[in-house]
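Subject: Handover of a predicted complex

Hello,

Please take a look at the structure below. My notes on it follow.

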Amino acid sequence: MLAVGAVILCALPIVGLAWRAPWSSLFTQLGRPGVRTALWLSLVCSVAATALSIALGLPLAWILARFEFPGRRVLRALAVLPMVLPPVVGGLALLTVFGRRGMVGQLLFDWFGVTIPYTIAAAILAEAFVAMPFFVVTAEAGLRSVDRRFEEAARTLGASRRRTFLRVTVPLVRPSLIAGAVLCWARALGEFGATITFAGNSPHTDTMPLQIFLTFQQDPGGALVLSLVLIAVSLVVLIALRERWLGSVR
Amino acid sequence: MTGLVHHATGRGEAPVAKAFGIVAMALLVAGACASAPTPGPIVADPTASRSGDCEPAAGAATLPAKTAVHGTVRVLAAASLTGAFAELADAFEATYPGARVATSFGASSDLVARIHQGAPADVLATADTETMDLAADPPDGSRGDVATPVTLTCNTMMIITARGNPLHITSLADLARPDVRFALCAEPVPCGRLGRQVLHDAGVDARPVGSEANVKAVVAKVIAGEVDAGIVYVTDARVARPRASSVAIPAQNNVVTTYPIAVARDADNATAARAFVTFATGPTGRSILRSYGFGPH
């Protein structure tokens with residue numbers, strides 16, 4: 001019976017949203033200039049944030065998975081903290097560092113006249129901050145489960161550390177890496193709190209979630225249509241992921 | 001007073017009653033105002049003498065008896081009313097010990113959208129009549145979410161800059177300078193529409209770097225130093241001092257926006273809601289609003 005409650009809690013709002021959405025105006029809505037930029041911006045930012053997360057997160061995941069050192073638990077806790085942190089707090093934290101009066105931001109502004117908030121870089125940073133842990137956690141789990149004998153064999157056969165990692169380890173953990181990247185991307189796509197706090201509302205930072213928030217004030221129906229687009233994207237990703245990479249749960 | 005800006009963008013509830021003194025003081029001020037009306041107010045909008053309908057007519061409605069009002073009255077109000085309505089709520093609770101005011105502040109457009117989606121509310125106060133009209137007569141043709149609105153007060157716009165105005169911004173035209181980064185409210189929000197109108201009327205072609213969700217967010221970004229300037233209400237500029245400096249916009253380029261207030265159609269506590277509207281548009285409400293810089297200038 002409680003399971004029914006769970007289904008109602010999770011699925012009913014989605015059904016309600018689809019029910020209320022003005023389907024007839026779907027294409028008009030998608031054609032609005034603000035919406036197209038938002039969609040495009042969302043795609044660019046989420047992909048860039050995922051790339052950043054992989055570039056920085058993979059080495060971190062590797063260290064966490066392979067090395068025993070004092071403070072590893074603390075490091076892991078710090079690395080996954082954004083997963084449980086309210087995004088708005090993450091946004092404020094980013095402002096204190098990368099804002100124009102922030103530790104790093106101040107230097108960037110004084111030396112190069114560069115300001116990060118209100119730029120696409122801010123939106124990407126905010127999304128990466130929130131989404132990277134999803135990649136790190138999944139990649140670390142994958143790296144831990146690798147049979148290390150393959151790596152040792154490669155090393156014995158004379159492959160360098162780097163070559164072993166790229167040609168043996170990465171192919172072995174590929175399913176985890178892809179799953180982590182997709183989860184990370186999906187989280188980045190939906191990012192709202194850190195983005196609005198750190199990046200602010202501007203033509204360069206209004207991703208779909210921010211656009212939905214603003215559209216809701218003017219045109220609730222339009223906001224529902226935009227939400228449907230994000231739901232569709234998320235569902236497609238989730239279903240594909242389940243089938244192909246996360247293994248069958250049935 | 002300035003401390004109140006801190007919960008500006010949140011939806012905090014007003015602290016439970018404390019201020020009998022405020023009421024007493026407010027009544028004194030109200031008395032003084034009534035006997036000596038402000039001579040020759042500067043009308044900021046040259047096209048219409050709006051100072052007349054800028055504030056409610058004095059002494060029109062009578063307040064219900066002390067014991068007739070009880071329970072919680074949920075007030076949704078424009079972000080710019082944050083400080084004034086927190087004080088007003090205290091004064092109301094002091095007058096009606098059985099009543100409690102739960103305030104919720106946000107962009108007027110957001111409040112209207114929330115009421116339309118069925119958010120519980122007894123009273124709605126917005127920063128312009130256009131947004132209130134959307135609640136009174138929803139564009140989707142459904143029944144109005146509020147009863148007939150009445151005029152609460154009015155407000156005009158002002159430029160705020162970083163503390164001490166380091167970039168020497170002296171006019172709207174300075175906002176178009178390439179070295180000046182400024183923020184407005186987002187377009188659906190009244191202060192966003194008004195800010196853009198002010199720039200347009202002055203013939204200034206300046207693009208904001210940011211369009212914030214409500215007026216308090218613009219103030220916050222200026223104080224935090226993320227932008228150099230912003231166009232906000234005179235009342236917000238006042239609350240932001242001394243953490244931000246302000247630059248007046250000449251009357252011929254400025255706009256006056258009228259704040260309406262209305263009882264929600266589905267108000268659970270209609271008696272208290274009506275009492276709150278009468279109270280807010282009465283002498284106490286007017287003097288509190290004036291003390292925050294609302295009303296004719």
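Helices (H or I, at least four residues) and strands (E, at least two) are DSSP runs, numbered from the N terminus. By that rule, A:M83 belongs to helix α4 (residues 72–84) of chain A. More on that residue further down.

Some ground rules. Residues are numbered from 1 along each chain as its sequence is written, while chains are lettered from A and ligands numbered from 1 in the order in which they are written. The model is predicted, so local features need pLDDT of at least 70 and side-chain atom pairs count only at pLDDT 80 or more, whereas totals for chains, interfaces and linings use all residues.

**Confidence**

pLDDT is the predictor's confidence in each residue, from 0 to 100. Chain B has a mean pLDDT of 83, and 81% of its residues reach 70 or more. Where in chain B is confidence lowest? Helix α1 (residues 20–35) of chain B has that place, with a mean of 39. Strand β3 (residues 123–125) of chain B is where confidence in the chain is highest, at 97. Over residues 1–52 of chain B, pLDDT stays under 50. For that stretch the model has 84 contacts beyond four places in sequence. Two residues are in contact if their C-beta atoms, placed from the backbone, lie within 7 Å. Where pLDDT is low, the predicted coordinates should not be read in detail. For the complex, the predictor gives an ipTM of 0.72 and a pTM of 0.76.

**Where the chains meet**

Chain B puts 18 residues in contact with 15 residues of chain A. On the chain B side, α3 (108–116), β6 (210–212) and α6 (215–224) each supply at least two residues. The largest share of that side, four residues, comes from α3(B). By type, the side of chain B that touches chain A has seven nonpolar, six polar and five charged residues. Here Ala, Val, Leu, Ile, Met, Phe, Trp, Tyr, Cys and Pro count as nonpolar, Asp, Glu, Lys and Arg as charged, and the others, Gly among them, as polar.

**Chain A**

Back to A:M83. A residue is buried if 20 or more other C-beta atoms lie within 10 Å of its own, exposed if 12 or fewer, and partly exposed in between; C-beta atoms are placed from the backbone. A:M83 counts as partly exposed because it has 14 C-beta neighbours inside 10 Å. Leaving out residues up to four places away in sequence, A:M83 touches A:P133 and A:F134. Its C-alpha atom is separated by 23 Å from that of A:E68, 15 residues apart along the chain.

Helix α7 (residues 120–145) of chain A has 26 residues. The expected span of a helix is 1.5 Å times one less than its number of residues. α7(A) is mostly covered, with 21 of its 26 residues buried.

**The core**

A nonpolar core is a set of buried Ala, Val, Leu, Ile, Met, Phe, Trp, Tyr and Cys residues joined through C-beta atoms within 7 Å. The largest one has 146 residues. A:A126, B:V123, B:L124, B:I160, B:V232 and B:F276 touch the most other members. α7(A) gives the most to this core, with 16 residues. Beyond four places in sequence, the residues that B:L124 touches include B:L76, B:L111 and B:I115.

**Chain B**

Chain B holds nine helices and nine strands. Of its 297 residues, 53% count as buried. Helix α2 (residues 82–95) of chain B is mostly covered, with twelve of its 14 residues buried.

Which peptide bond is cis? The one from B:R241 to B:P242, with omega near 5 degrees. B:P242 is in the loop between α7 (234–240) and β8 (244–248) of chain B.

Most residues other than glycine have a negative phi, and most peptide bonds are trans. B:N165 has a positive phi of about 45 degrees. Phi of B:H168 is also positive, near 55 degrees. B:N165 sits in the loop between β4 (150–162) and β5 (182–185) of chain B, and B:H168 lies in the loop between β4 and β5 too. B:N165 is partly exposed, because 18 other C-beta atoms are within 10 Å. B:H168 has 11 such neighbours, so B:H168 counts as exposed.

Best wishes
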